[in-house]
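Here are my notes on the model. Please read them with the structure open.

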Amino acid sequence: MDHGEATTTTEHAPTSSRLGHPLVEMVDVNKHFGDLHVLRDINLTVRKGEVLVVIGPSGSGKSTLCRAINRLETIDSGAIRIDGEPMPEEGRDLARLRADVGMVFQSFNLFAHKTVLDNVTLGPRKVRGTRKDKAREEGLALLDRVGVKNQAHKLPAQLSGGPQQRVAIARSLAMHPKVMLFDEPMSALDPEMINEVLDVMVALAREGMTMVVITHEMGFARKAADRVVFMSDGQIVEEATPEEFFTHPKSDRAKDFLSKILTH
Amino acid sequence: MEQYLEIVRTFDVLGAFWVNIRLAFLASILALVLGSLLALFRISPIPTLRWAGGAYVTVFRNMPLTIIMVFMTLGAWGQLNFVLSRDFDTNFFRLAVVGLAVYHAAFVCEAIRSGVNTVPIGQAEAARAIGLPFLASARLIILPQAFRGAIAPLGNVTIALIKNTTVAAAASVATETSSVMRTMIEFSSSYIYAIFFTFAIGYLILVTPVGLASTYFSQRLAVRR
Ligand SMILES: Nc1ncnc2c1ncn2[C@@H]1O[C@H](COP(=O)(O)OP(=O)(O)O)[C@@H](O)[C@H]1O
Ligand SMILES: [Mg+2]
């Protein structure tokens with residue numbers, strides 16, 4: 001760990017002064033898909049500057065939790081607040097709040113008919129009202145930062161996975177989000193491209209970005225995370241510092257899960 | 001031969017085709033606008049609009065065009081005093097354009113919706129995630145990709161529409177091709193085959209490029225993923 005103590009805000013008082021006020025708060029959140037209870041009484045707080053890694057078996061509800069935060073999935077009960085504001089049901093207010101929550105998807109989801117640069121400038125121009133030349137200048141700077149500036153005028157399909165995901169991160173950053181959500185950002189990448197994306201994310205974490213990251217990359221968790229949350233069957237089963245979690249998991253479900261991902 | 005050309009000139013065959021071309025052009029544009037709007041309804045987050053879009057498509061897709069065209073003159077104009085021009089012929093022409101558009105809009109809507117289905121759900125989610133409201137994400141992200149995925153089916157709708165302009169006869173547009181052809185055959189039945197082939201070839205010339213163009217552009221403009 002290279003910064004502060006980790007915090008578990010649901011059970012313990014925060015122990016690090018580096019972390020700020022609560023940015024994402026989930027209170028008693030429940031969600032069903034038909035008969036399937038995918039989120040069970042989720043209570044989770046992410047503080048400003050915190051990097052939270054969510055880990056757990058496939059189907060345990062990680063994506064649903066992440067998508068509920070910016071309301072790509074609705075919830076059945078409970079409350080979700082972003083920077084103190086309750087997530088609006090729909091409409092313009094929801095769109096405005098979503099603009100403050102960056103999201104990076106497993107499958108990149110770059111706008112297929114727009115160039116790399118247009119992907120990055122679209123949000124600032126159409127949502128924030130940034131002037132064209134200013135958006136372009138900022139967009140190029142962001143593309144430079146994630147190392148794909150020389151591809152600015154290509155279409156997404158002309159790039160391989162690693163660069164596409166870096167563009168997707170730049171697209172999110174262009175909105176100056178308060179918090180960024182990453183849903184398995186590296187799991188669709190060829191092994192040789194994982195590191196380039198990982199490096200960008202570690203750098204972001206070091207700069208103090210608030211992040212919720214679903215990933216099984218222990219490298220990222222160990223290098224950058226303040227806290228690891230382990231989910232199973234729609235519940236948060238365990239939370240700890242990365243070191244604690246990977247070396248001394250408490251619950252049987254976590255032990256079982258770790259033994260499976262560590263063997264390959 | 002001399003005599004045949006004389007008949008073609010007397011009955012202004014080119015002028016008749018021009019009527020159908022104008023009908024097709026105006027009705028296509030109107031159908032495209034109306035159909036896009038309906039498609040927007042059908043993908044909108046508002047249940048009432050989705051229902052209205054669906055109901056429209058069900059009604060007009062399942063109704064014979066002739067009945068709509070007859071209604072445009074006898075019902076819309078005759079009973080409801082729906083007048084689109086003071087000039088008698090222009091009025092019938094415009095009623096025919098509206099009838100054609102209203103009917104084909106249902107098919108345009110379905111073509112665009114098939115185009116929307118070619119756009120992965122992740123595109124809409126990414127648009128929403130950066131804070132674009134529904135209309136903006138439809139206009140900037142979904143529909144541009146949907147149109148490019150719908151060029152082939154839209155081409156088919158256009159081809160059907162061009163041929164269906166002949167049904168304007170049912171809306172009292174007497175100067176269009178099928179009406180003129182009938183009159184010509186009645187007037188000089190000895191040339192029936194020549195007259196028939198004139199019109200058949202005319203439509204081939206009119207319609208074939210549309211099919212070729214839609215195939216070409218549906219490949220050329222396909223969104224690469
Ligand atoms: N749109 C949906 N409709 C129905 N079931 C869903 C939907 N999305 C996810 N699920 C189900 O909810 C459970 C949790 O899914 P998810 O949140 O994607 O898990 P994870 O990301 O941890 O793999 C899974 O059993 C999945 O099949
Ligand atoms: Mg998932």
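1. Strand 2 and helix 1 (62-69) of chain A each give at least two residues to the shell around ligand 1. Helix 1 of chain A has the largest share, 3 residues. Helices (H or I, at least four residues) and strands (E, at least two) are DSSP runs, numbered from the N terminus.

2. This is a predicted model: local features need pLDDT of at least 70, side-chain atom pairs pLDDT 80 or more, while totals for chains, interfaces and linings use all residues. Residues are numbered from 1 along each chain as its sequence is written, chains are lettered from A and ligands numbered from 1 in the order written, and side-chain values use heavy atoms, without hydrogens and water.

3. Which polar atoms approach ligand 1? A polar side-chain atom of T64(A) lies 2.5 Å from a ligand 1 oxygen. A backbone N or O atom of G59(A) is 2.7 Å from an oxygen of ligand 1. For a polar backbone atom of S60(A), the distance to a ligand 1 oxygen is 3.2 Å. Alone, ligand 1 exposes 560 Å², and the protein buries 59% of that (Shrake-Rupley method, 1.4 Å probe).

4. An open sheet of 4 strands in chain A runs in the order 2-1-4-5, with antiparallel pairing. Strand 2 (36-47) and strand 5 (85-86) of chain A are at the edges with a single partner strand each, so one side of each has no neighbour in the sheet. Pairing requires at least two DSSP bridges between two strands.

5. T241(A) sits in the loop between strand 10 (235-240) and helix 8 (242-247) of chain A. Its side chain has a polar atom 3.2 Å from the backbone nitrogen of E244(A).

Terms used: A polar contact is a pair of N or O atoms within 3.5 Å; within protein, one must be able to donate a hydrogen and the other to accept it, and residues adjacent in sequence count only if both atoms are side-chain atoms.
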